[in-house]
Amino acid sequence: MNPLEHALDTLLCLLLLVLAWKALRAEHLYQSAIFFIAFGLGMALAWVRLAAPDVALAEAAIGAGLLGVLLLDSLRVFSRPPNGSGKARQNTDPGDAETATATTSRHPGARATRLLATAAAAGLAAVLVTAIVRIGDGGGLTEEAAGQLEGSGVEHPVTAVLLNFRGYDTWLEVGVLFLAMLGIYCAGGWVGLTGGREPDSPGPLLSWLIRGLTPLLILTAAYLLWLGKEAPGGAFQAGVLIGAAGILLRLAGYPLTAHLSPGMVKLGLTLGFGTFLVFGIAALIPGGAFLEYPEYWAGEIILLVETAAAISIGFTVFAFFAYLSSRDGSPSEEHNSKPSTTNSD
Amino acid sequence: MNSFYMALTIFLVLNIAASMVRVIRGPTPADRLMTAQLFGTTGMAILLLLAEAMEEPALRNVTLVFAVLAVLLVICFVQTAESKETTKP
């Protein structure tokens, strides 16, 4: 490794630390959000330097692309007058506590929260350091996975591990996303996804942008999905891009899911988890293990499962956003009666 | 040639560090958002340079994902700013 690469890696590490610190300790939540978006970008670069382009791709799609929009929209929905932070604090959900610490230093509970967060972070750091020390230089199961690659149905080792060797994990990950979505909608109702605002007429620039960008997003999603077979890509990244296309249409006042029947929306949300389950159980019939695909069909099954998972992830991601963006218009909700001002500047 | 790409990458990372001033100082939310966009653009340039320097063509796809998603943030911001203007008395 030449000295320039060392310099770059050191610089990236320092930048990440500064960005993380600023994201936690910025004056306003809006600043925190911007720093967090930048932190996502820095993380993507760090994964690149660690020779993990798959993770960098996921970080680019989720960390830097999607989360920024979700954070900005959350800020809009949960923003409160800057002077009454102590009082308004009680109205926010406990899950919001992490992001709220930047502005609520006067609140007595903030200190305890911060201590708890510090303790949890320190504990996790200790566990991770022990893990790093234990791994050593052997490289774990890399060789074993590479040896089995031929029968996996795909050429890219990461996809082979995620969708075939450890398909169980990915299946449950899709399940976790589904649960998160259910949680949001149990708390907030179904209306954000199936109903939606009356479409405002988007301006000429925005409608031009949507016409150009929406097909591009879908096309890129399909490209990444197909690419997953032989190179970094795959269902999660593709799903986020599909969700992003939905978010774009929603932002412009075309609530896509409002045109689908509730049954279709539910089908979209459950398709990924269900397809995994169907193929997993089907593998049991000839006497195989759960999610053990037959070698001959493995490639096709993986593509099918990935497509279904991508569609579901897209719907789920869109559902997160649709829930947030449905929360400004309805006066029945308690949170929404507050004046909507961003607390930056 | 690799050292050249690496040196350019370091320069761009330093650029990101320098532009953090604008996020802190602002003065308006729009300035801060533009900085986030600048981070994104610089990040894409860094990724493309690293794709050459590290001989990892997959990084170009990472750039593509960044590029197609970057505009979402701006639209979200503009829509928020617009709705704020219209709801204000």
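Entry 1: I looked up A:Phe36 and A:Phe39 in helix α2 of chain A and found them about one helical turn apart, because three residues separate their positions. Helices here are DSSP runs of H or I with at least four residues, and strands are runs of E with at least two, numbered from the N terminus. I note that the model is predicted: local features need pLDDT of at least 70, side-chain atom pairs count only at pLDDT 80 or more, and totals for chains, interfaces and linings use all residues. Residues are numbered from 1 along each chain as written, chains are lettered from A and ligands numbered from 1 in written order, and side-chain values use heavy atoms, without hydrogens and water.

I then checked the ring geometry over all chains, where the search gives five aromatic pairs. For A:Phe36 and A:Phe39, the centres are 6.1 Å apart and the planes stand at 35°, so I record the pair as tilted. The rule pairs rings of Phe, Tyr and Trp (its six-membered ring) with centres within 6.5 Å; planes under 30 degrees apart are stacked, over 60 edge-to-face, and the rest tilted. A:Phe36 has a relative accessible area of 33% and is partly exposed. The classes are buried under 20%, exposed over 50% and partly exposed in between (1.4 Å probe, protein chains only).

**Entry 2: a pair in α9.** A:Tyr168 and A:Trp171 are three residues apart in helix α9 (residues 167-188) of chain A, and therefore about one helical turn apart. Their ring centres lie 5.9 Å apart with planes at 55°, so this pair is tilted.

**Entry 3: chains A and B.** I looked up the contact (heavy atoms within 4.5 Å). Chain A contributes 54 residues and chain B 45 residues. The buried area is about 4,500 Å², with 82% from carbon and sulfur atoms; this is the accessible area (1.4 Å probe) that the two parts lose on being put together, summed over both.

On the side of chain A that touches chain B, the elements giving two or more residues are α1 (3-25), α2 (29-49), α3 (53-78), α11 (204-227) and α12 (235-251). The largest share, twelve residues, comes from α3(A).
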